[in-house]
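Here's a quick briefing for anyone meeting this structure for the first time. Have a look at the sequence and the model, then read on.

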Amino acid sequence: ACHGADGTGSATGKKMGAHDFATADVQGMSDADLATIITNGKNKMPKYGASIKPEDIKGLVAYIRTFKK
């Protein structure tokens, strides 16, 4: 909901500072770093480690990689 269907950030997400998945900043992060942020949260990003299985977090990281320009 925060990052939007196209990964650039929904209106609400942009107001909260959600990162655009296509940017060099996000795409330059390691898979481990992205997984850690999804698992533990960071700044306004909530943690999802208790509600998303580790294999699904790996799938989310792979999905984030599809936004690379």
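A pocket here means an open set of grid points where a probe fits, with protein on both sides within 12 Å along at least five of seven lines. Keep in mind that this is a predicted model.

**The largest pocket**

- The volume of the largest pocket comes to about 780 Å³.
- Its lining is made up of 29 residues, and H3, H19, F21, I37 and M45 are the ones nearest the centre.

**The aromatic rings**

- Searching the whole structure turns up 2 aromatic pairs.
- One of them is F21 with F67, a tilted pair with 5.6 Å centre to centre and 45° between the planes.
- F21 sits in the loop between α1 and α2, while F67 is in the segment after α4, so this pair ties together parts that are 46 residues apart in sequence.
- Y63 and F67 make an edge-to-face pair, at 5.1 Å centre to centre with 85° between the planes.
- Put together, the ring pairs link F21, Y63 and F67 into a cluster.

- F21 and F67 are both buried.
- F67 has a relative accessible area of 15%, and buried means under 20%, so F67 counts as buried.
- Y63, at 43% relative accessibility, counts as partly exposed.

Note on methods. Residues numbered from 1 in each chain as written. Predicted model: local features only at pLDDT ≥ 70, side-chain atom pairs only at ≥ 80, totals over all residues. Heavy atoms only, no water. 1 Å grid on protein atoms, 1.4 Å probe; cavity = no way out; pocket = protein on both sides within 12 Å on 5 of 7 lines; lining within 4 Å. Points joined across faces, edges and corners; volume = space filled by probe spheres on them. Phe/Tyr/Trp six-rings, centres within 6.5 Å; stacked < 30°, edge-to-face > 60°. Helix = DSSP H or I, 4+ residues; strand = E, 2+ residues; numbered from the N terminus. Buried < 20%, exposed > 50% of the residue type's maximum accessible area, 1.4 Å probe, protein only.
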